[in-house]
Amino acid sequence: LTHDAITADFRIAQRKRGHRYSLDDVATAYQATEATPGDVSHYLDLGCGIGSVLLMVAWRLPSLKLFGVEAQPESIALARRNVAHNALTARAELIAGDLREVTERWPHHKCQLITGTPPYLPLGTALASPDPQRAAARLELRGGVEDYLAAAARVLAPAGQVVVCSDGRKPERVEIGAERAGLVPRRRRDVYARSDAAAPLFSVWTLGFDAGAELEHVRLTIRDVDGCKTADAKAMRAHFGLLG
């Protein structure tokens, strides 16, 4: 394991050669916490993995009751370790299970904020890693973004918001999944590796039940044409108390 800074105060244990937290997680937690409604009390991270998004949200919003759902045994074991190491045990409940099934029988309070970082690759489109943890983070072994949106809609409070990341090349999957789940896209942020990139690495969406204003479509670029981090990329890290 390595033990790495994920916010100014929190550290995350992750396997050196296993699934590790990534830019997807940072961008999702950033969008979820930069404009969160003031009445949020209960938060759920679907497919919480090793706890990366949950830790970042917990650090930015220190009064929330935290829930995480994760089916991969090695990942949820690390998530529980990370919750305990960062003194979040009293605030957090991590549930082992398939998010599609857990949300069907959700016994807890409805959540005003829900996040998810689904894998992007449908079964049959890529070879599965021999490492089960890495395979689950990459391939849609238990569903894709459509399943995450359906699960979120089951436990979302009426005025709450869902923030998910998805394949930036296939926005229609979010649009179709949202319509089926009764959710309305409010914001789409396309994240580009470089300012001269032709296509986004991924997109982060904010959705809710109520149709509001026209969908806000924005862009975030990580590096400029010279390979230097942009001001937006630095601001995203600074949001969690990290420099550079």
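Student: What kind of model is it, and how are residues numbered?
Tutor: It is a predicted model, where local features need pLDDT of at least 70, side-chain atom pairs count only at pLDDT 80 or more, and totals for chains, interfaces and linings use all residues. Residues are numbered from 1 along each chain as its sequence is written, and side-chain values use heavy atoms, with hydrogens and water left out.

Student: OK, strand E3. How many of its residues are buried?
Tutor: Five of its five residues, 42–46. Buried means under 20% relative accessible area, exposed means over 50%, and partly exposed is in between, using a 1.4 Å probe and protein chains only. Strands are DSSP runs of E with at least two residues, helices are runs of H or I with at least four, and both are numbered from the N terminus.

Student: Which side chains of E3 point which way?
Tutor: His42, Leu44 and Leu46 point one way. Tyr43 and Asp45 point the other way. All of these are buried. In a regular strand the side chains alternate between the two faces of the sheet.

Student: Which strands does E3 pair with?
Tutor: E3 runs parallel to E4, with five bridges. E3 also runs parallel to E6, with four bridges. Two strands pair if DSSP finds at least two bridges between them.

Student: Which residues are partners there?
Tutor: Leu46 has Val69 in E4 as its bridge partner. Leu44 has Ile114 in E6.

Student: Back to E3 and E4. What does the chain pass through on the way across?
Tutor: Helix H2, residues 52–60. This β-α-β crossover from E3 to E4 is right-handed. That means the path from the first strand over the helix to the second runs clockwise, with the strands pointing away from the viewer.

Student: Is H2 enclosed or open, and which of its residues are buried?
Tutor: H2 is largely enclosed by the rest of the structure, because seven of its nine residues are buried. They are Ser52, Val53, Leu54, Leu55, Met56, Val57 and Ala58.

Student: And E7, what does it pair with?
Tutor: E7 pairs with E6 in the parallel sense, over five bridges. Leu113 stands opposite Gln161 in E7. On E7's pairing with strand E9 (residues 202–208), there are five bridges and the strands run antiparallel. Val164 has Trp205 in E9 as its bridge partner. E7 covers residues 156–166, and nine of its eleven residues are buried.

Student: New topic. How many aromatic pairs are there?
Tutor: A search of the whole structure finds one. Phe67 and Trp106 form an edge-to-face pair, 5.4 Å centre to centre, with 75° between the planes. Phe67 lies in strand E4 and Trp106 in the loop between helix H4 and strand E6, so the pair ties together parts that are 39 residues apart in sequence. Rings of Phe, Tyr and Trp (its six-membered ring) pair if their centres lie within 6.5 Å; planes under 30 degrees apart count as stacked, over 60 as edge-to-face and the rest as tilted.

Student: Are those two buried or exposed?
Tutor: Phe67 and Trp106 are both buried.

Student: Which charges sit over rings?
Tutor: The charged end of Lys65 sits over the ring of Phe67, 5.4 Å from its centre. Arg219 lies over the face of Tyr192, 3.6 Å from the ring centre. The test is NZ of Lys or CZ of Arg within 6 Å of the ring centre and within 35 degrees of the ring normal.

Student: Now Thr2. Where is it?
Tutor: Thr2 is in strand E1, residues 2–5. Thr2 counts as buried because its relative accessibility is 18%. E1 and E2 form a hairpin with five residues between them. Thr2 has Gln14 in E2 as its bridge partner.

Student: What polar contacts do its side-chain atoms make?
Tutor: The side chain of Thr2 has one to the Asp4 side chain at 2.7 Å, and one to the Arg20 side chain at 3.0 Å. A polar contact is a pair of N or O atoms within 3.5 Å; within protein, one must be able to donate a hydrogen and the other to accept it, and residues adjacent in sequence count only if both atoms are side-chain atoms.

Student: Last one, Ala71. Where is that?
Tutor: Ala71 is in the loop between E4 and helix H3. Ala71 is partly exposed, at 24% relative accessible area. Ala71 and Arg142 are 71 residues apart in sequence and 8.8 Å apart in space, C-alpha to C-alpha.
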